[in-house]
Amino acid sequence: MFGIGMPELIIILIIILIIFGAGKLPEIGSGIGKGIKNFKKATHEAQEEIEAPADQEKEDKGKS
């Protein structure tokens, strides 16, 4: 994945720990988790909106 191995990830984590401190890491993790959750929810809702008109068209064709 993008040529990033375990040593690079550890260095990035250490830099983040130095910049933000240990106290802020749970808040950062929580914020990232909420962002991912909202993104998944939005993509799921968009998929439902796309499928709903297609289902409606199928029902309309079946009645004709």
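The accessible surface of the protein amounts to about 5,900 Å², and carbon and sulfur atoms account for 67% of it; areas come from the Shrake-Rupley method with a 1.4 Å probe, and for residues only the protein chains shown count as cover. This is a predicted model, in which local features need pLDDT of at least 70 and side-chain atom pairs count only at pLDDT 80 or more, while totals for chains, interfaces and linings use all residues. Residues are numbered from 1 along each chain as its sequence is written, and side-chain values use heavy atoms, with hydrogens and water left out.

Of its 64 residues, 0% count as buried, where buried means under 20% relative accessible area, exposed over 50%, and partly exposed in between (1.4 Å probe, protein chains only).

Helix H1 spans residues 6–20 and includes Ile12. Ile12 counts as partly exposed because its relative accessibility is 42%. Ile12 also contributes to a nonpolar surface patch of about 1,200 Å², whose other members include Ile4, Met6, Leu9 and Phe20. Such patches are made of residues with over 30% relative accessible area and no salt bridge, with nonpolar side chains (Val, Leu, Ile, Met, Phe, Trp, Tyr) joined within 5 Å and like charges within 9 Å.

The structure holds one salt bridge, defined as a side-chain nitrogen of Lys or Arg within 4 Å of a carboxyl oxygen of Asp or Glu. Lys24 and Glu27 form this contact through their side chains, at 3.7 Å from N to O. Side chains of opposite charge can pair when their charged atoms come close. Glu27 is exposed, at 52% relative accessible area, whereas Lys24 is partly exposed, at 43%.

Definitions and conventions: Helices (H or I, at least four residues) and strands (E, at least two) are DSSP runs, numbered from the N terminus.
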